[in-house]
Amino acid sequence: MVFRFILRRLLSGVVLLFLISTIAFSLLYVGGGDIARRILGQMATPETVAQKSEELGLNRPLYEQYVDWLSGAVRGDLGSSWFTGQLVTEGITSRLAVTLSLVIGAIILIAIVAVILGVWAAIRGGWADKFVQAISILGFAIPGFLIALGLVTLFALNLKLFKPTGYTAFTDSPSGWAASVTLPIIALAIGGIAGVAQQVRGSVVDALRQDYVRTLRSRGLSFNRVVFKHVLRNAGGPALAVLAVQFVGLLGGAVIVEQIFAIPGLGQVSVQATTQGDIPMVMGLVVATAAIVVIVNLLIDLLQGWLNPKVRLS
């Protein structure tokens, strides 16, 4: 049963990757204009431009170009950057760990803080509930880049607790790495905490009204045991779904945060490749991002299936 569940999710993920790559390839190449001219510049002669188009295979039908790209992608070859000559896979993998360290750190922070706030608001109610709802509204209302700028101004420029910009690899200095990613992770996480805390609060409130809670309490189980052993397990499914959505949003938010903190992650590569019109690199980034999202959704599905076996059956 579990094997079939995983196999179904994997197959749907492969189909999704195929559709995304097909749509992205069509949009980028059809709307790319005179790609060879853009690479060589406006001063290039028509003969040079024609030679470059021939060299890149741009004169061939679009479906032939896509089949070539797809066959290479299946083998792990996403081509080379048109501007730097660097392999796309190498350009992505060298920055992927940086971005993932920010996004995963933010997700962990969101999960911990949001669960604490959501459960606290649901159980205590009253002023605690209003307080959590108020800070959730603030988290939604303030844009992420303003939060990032505020954190830099307060903790880096005024209090001198962190460096305002720059990145230190974990292998070079664990403490330096922690100092360089703390503010970006907080900037990424605040908006997510607001959304997930509201979801957890609502799910816990709904679960506390269910008959099984009254039954467990009538059998003498303590309130804390009912909440942390039974209620949270039932409320965890919706919260995990929201976390999966947050993960996708954080990948996009990381682009802005990396620019503000001058962190050499996928965000910098994305901005550079997009502004240059480096289509092979953009395609690689699209596929890599989609693959990460598919993997994360698979893991979330497995966790939801573990929390609630009815998910596997459905």
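In the predicted model, Phe 261 touches Ala 148, Val 152, Pro 164, Thr 165, Gly 166, Leu 183 and Pro 184, with residues up to four places away in sequence not counted. Phe 261 also belongs to the largest nonpolar core, which holds 54 residues. Within this core, Phe 261 is among the residues that touch the most other members, together with Ile 110, Val 196, Val 204, Phe 247 and Leu 250.

Two or more residues come from each of α5, α7 (144-158), α8 (174-208), α9 (211-218), α10 and α12 (279-307). Helix α10 gives the largest share, 15 residues. A second core is separate and has 21 residues. Its members include Ile 35, Ile 92, Val 269 and Ala 273.

Helix α10 spans residues 223-261, and helix α11 spans residues 266-276. Their axes come within 7 Å and cross at roughly 95°. Angles of 65 to 115 degrees count as roughly perpendicular, and α10 and α11 are therefore roughly perpendicular to each other. On the α10 side, the contact is made by Val 255, Glu 258 and Gln 259. These meet Leu 266, Gly 267, Gln 268 and Val 271 of α11. By type, the contact residues are 3 nonpolar, 3 polar and 1 charged.

Confidence was examined along the chain. The mean pLDDT of the protein chain is 84. A value of 70 or more is reached by 96% of its residues. Among the elements, helix α5 (residues 88-124) has the highest mean pLDDT, 90. Helix α13 (residues 309-313) has the lowest, 58. Where pLDDT is low, the predicted coordinates should not be read in detail.

Methods: Residues numbered from 1 in each chain as written. Predicted model: local features only at pLDDT ≥ 70, side-chain atom pairs only at ≥ 80, totals over all residues. Heavy atoms only, no water. Axes fitted to C-alpha atoms, helices over the stretch in contact; angles between N-to-C directions. Helix = DSSP H or I, 4+ residues; strand = E, 2+ residues; numbered from the N terminus. Parallel < 35°, antiparallel > 145°, perpendicular 65-115°, else oblique. Contact = heavy atoms within 4.5 Å. Nonpolar A, V, L, I, M, F, W, Y, C, P; charged D, E, K, R; others polar. pLDDT = per-residue confidence, 0-100. Core = buried A, V, L, I, M, F, W, Y, C linked by side-chain atoms within 4.5 Å. Buried < 20%, exposed > 50% of the residue type's maximum accessible area, 1.4 Å probe, protein only.
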